[in-house]
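Student: Please pick one spot in this chain and take a close look at it. Then connect that spot to the rest of the chain.

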Amino acid sequence: MKTLTLCLFCIISCMHPAHTQIPAIAWEKELAVNVPHYFSDVLELPDGNFILLGAIEQHGESKFDIWLLEIAGNGDTIKTRTYENKGLDIPMRILPNGDSGYLLAYVNKTEDQDYKSRLMAVGTDFSLQWTVEAEQTSVIVRTDIAADNTGHIWWLNTVPGPGGKPEMLLNKLDAEGNILSEFEFGDYEPAEGYAVRALPDGTLGVSCMVLPDNEKSFVRVIRINQEGKMLWEATIPNANKNLTPQCLCCSPDNNLLLGGWAGLCYNPDAPAEEQIWDYDYLLSKIDQSGKVLWTQNYNREGSEKGTAVAVNSDGKIYAAGKCETSFTGSVGPWLLLTDPNGNRINDQVYKFKFVKDQVARIICTQDGGLLMVGPGYIDSQHQLTGWIRKLNPAL
């Protein structure tokens, strides 16, 4: 009987190979910096180095400035630079700017407490090339950029629309930061823009949270061409929950993946500070024609939120975020692995370093592994420590 049991165990083990597991940690880093700081985004260079976009507190004034770092493939720091501005800087996105350097999108909280988004270009040596500031204030602490295959930059913001309600605004710029076109989406219900992605055929995908009066929010994804003409729109069903998008990415089969969360309030009549919410990780896949292929809500054992998504070459999805609450105490940055159809394969909660710790961005690396950074911008910035975690190639 023992022999038979062992044989069955071996057969089952062969049927569930190691590639179904979350890859092990290759290395992780926290920089020896004695002031609060955090990382929001990362990109990999052709030589295997990484560029990190973050923010660091300056002069003990609870004032954060943009912080840019280049690190080697093993995590060693190569060079850094800070960019000092008046007010509070909140970094969001970094992209390559052709061969000339990098594009940085961030939000600045001004001295009069308004939020304005900015777009900055720097050289490969981190020298400042130009900065553009949005004309209108930002309704939400959010901005995003994409660069298409024609050399244009697309800049997404949310501004006050008719009656002061939020409205998406998408600007098209040239490589020098000059605004060429401006597209408003005022025909819709009030909506907040969250992510814009350039697709392989030159079109763009844009995700937003729609806020109908006296109804639960839902998520809409639209696809537009270079002239700003809408090709299609897709609505993610909310199943009587409030939906919030966060990230948008393109899969190897040129479909779109959207991550975020679905929230349900148990006492909606209570004051906002006393409301009790439960969140599930929201993940949805949309094909090239705008058809919603599937939508999944992942519920672990408390409240979970999605902040970043990456897809490897065989279509497996790495959905990252955080476990915000847990009945068993397992809270912290969360990584969920699914198959191309959104079926859960495995997940892992990493030890949190501070309250509200989370994954800000995850990317697939050239060696077949993954790299995550965190915690990105969160409400409380004191005592924050940025972290970098490199995962081995998936087997």
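Tutor: Start with Lys 356, which is partly exposed at 37% relative accessibility. The cut-offs are simple: buried is under 20% relative accessible area, exposed is over 50%, and partly exposed lies in between, with a 1.4 Å probe and protein chains only as cover. Numbering runs from 1 along each chain as its sequence is written, and the model is predicted, so local features need pLDDT of at least 70, side-chain atom pairs count only at pLDDT 80 or more, and totals for chains, interfaces and linings use all residues. Side-chain values rest on heavy atoms, without hydrogens or water.

Lys 356 sits in the loop between β25 (344–349) and β26. The backbone of Lys 356 deserves a check. Its phi is near 75°, a positive value in a residue other than glycine.

Asn 240 also has a positive phi, about 65°, and is not a glycine. Asn 240 lies in the loop between β17 (230–236) and β18 (242–250). At 54% relative accessibility, Asn 240 counts as exposed. Lys 241 is found in that loop between β17 and β18 too. Lys 241, however, is buried, at 18% relative accessibility. What does Lys 241 touch, not counting residues up to four places away in sequence? The list is Lys 216, Ser 217, Ala 262, Gly 263, Leu 264, Asp 280 and Asn 297. A contact means heavy atoms within 4.5 Å.

A cis peptide bond joins Gly 374 to Pro 375, with omega about 0°.

Now the charged pairs. Asp 367 and Lys 390 form a salt bridge, with the closest N and O atoms 3.0 Å apart. Asp 367 is in the loop between β26 (361–364) and β27 (370–374), and Lys 390 is in strand β28 (residues 387–391), so the pair ties together parts 23 residues apart in sequence. The term salt bridge means a side-chain nitrogen of Lys or Arg within 4 Å of a carboxyl oxygen of Asp or Glu. The two partners differ in cover. Asp 367 is partly exposed at 44% relative accessible area, while Lys 390 is buried at 5%.

Glu 133 pairs with Lys 116 through a salt bridge whose closest N and O atoms are 3.9 Å apart. Glu 133 belongs to strand β9 (residues 128–133) and Lys 116 to strand β8 (residues 115–123), so this pair ties together parts 17 residues apart in sequence. Glu 133 is partly exposed, at 37% relative accessibility. Arg 118 also forms a salt bridge with Glu 133, with the closest N and O atoms 2.9 Å apart. This pair links distant parts of the chain too: Arg 118 in strand β8 and Glu 133 in strand β9 are 15 residues apart. Arg 118 is buried, with a relative accessible area of 14%.

Strand β8 also holds Tyr 115. Tyr 115 and Thr 137 are 22 residues apart in sequence, yet their C-alpha atoms are 5.6 Å apart in space. Set aside neighbours within four places in sequence, and Tyr 115 contacts Ile 90, Val 107, Asn 108, Lys 109, Thr 137, Ser 138 and Val 141.

Step back to the charges as a whole. The whole structure has 23 salt bridges. Asp 41, Arg 93, Asp 144, Arg 197 and Arg 361 are linked in a salt-bridge network. The chain has 32 positive and 50 negative charges, and their mean positions are 5 Å apart. Lys and Arg count as positive, Asp and Glu as negative; His and the chain ends are left out. Each charge is placed at NZ of Lys, CZ of Arg, CG of Asp or CD of Glu.

The chain comes to 1 helix and 28 strands. Its radius of gyration is 21 Å, close to the 21 Å that the globule rule gives for 395 residues, so the chain is as compact as a globular protein of that length. That radius is taken over C-alpha atoms, and the rule is 2.2 Å times the number of residues to the power 0.38. The C-alpha trace spans about 75 × 50 × 45 Å along its principal axes. Of the 395 residues, 55% count as buried. Among contacts with a separation of 6 or more, 48% come from residues 24 or more positions apart.

Note on methods: Helix = DSSP H or I, 4+ residues; strand = E, 2+ residues; numbered from the N terminus.
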